[in-house]
Amino acid sequence: MGSYSISEIWVLIIICGIITYFIRLSFIRFAPEGFIERIKDILSFMPVAIFTAIATSGVFGSGIKSVSISNYKIYASIVALLVAMKYK
């Protein structure tokens, strides 16, 4: 593999950005009526799903071995869950 200059890398990033923009624009522009609202409803669950995946991997990062009484992260996540449920 060859070495690329900084300007070549920036040109590639800009071209990829333009291509991505037009793909998304065509998706929005040519979508059938009501389709965008359904997508918005579905995408509203994405932050919760992503946060759950990040938090779960942080608490149970070592796999099944991390499920024990000595894992303080489990207690901290339970407290955080209770506080979130109370103040939601």
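The structure is a predicted model, in which local features need pLDDT of at least 70, side-chain atom pairs count only at pLDDT 80 or more, and totals for chains, interfaces and linings use all residues. Residues are numbered from 1 along each chain as its sequence is written, and side-chain values use heavy atoms, with hydrogens and water left out. The pLDDT, which is the predictor's confidence in each residue from 0 to 100, averages 84 over the chain, and 98% of the residues score at least 70. Among the elements of the chain, H1 has the highest mean pLDDT (90), while helix H2 (residues 35-43) has the lowest (80). Helices (H or I, at least four residues) and strands (E, at least two) are DSSP runs, numbered from the N terminus.

Trp-10 lies in helix H1. Ile-13 is also placed in helix H1, which spans residues 6-29, and Ile-6 lies in helix H1 as well. Ile-6 is exposed, at a relative accessible area of 60%, whereas Ile-13 is partly exposed, at 44%. These residues take part in a nonpolar surface patch of about 1100 Å², whose members include Ile-6, Trp-10, Ile-13, Tyr-21 and Phe-22. Such patches are made of residues with over 30% relative accessible area and no salt bridge; nonpolar side chains (Val, Leu, Ile, Met, Phe, Trp, Tyr) are joined within 5 Å, and like charges within 9 Å. A salt bridge is a side-chain nitrogen of Lys or Arg within 4 Å of a carboxyl oxygen of Asp or Glu. Accessible areas come from the Shrake-Rupley method with a 1.4 Å probe, and for residues only the protein chains shown count as cover.

Aromatic rings come next. Rings of Phe, Tyr and Trp (its six-membered ring) pair if their centres lie within 6.5 Å; planes under 30 degrees apart count as stacked, over 60 as edge-to-face and the rest as tilted. By this rule there is 1 aromatic pair. Tyr-21 and Phe-22 form an edge-to-face pair, with 5.5 Å from centre to centre and 70° between the planes.

Phe-60 lies in the loop between helix H3 (46-59) and helix H4 (72-87). Phe-60 is partly exposed, with a relative accessible area of 35%.

Technical notes: Buried means under 20% relative accessible area, exposed over 50%, partly exposed in between (1.4 Å probe, protein chains only).
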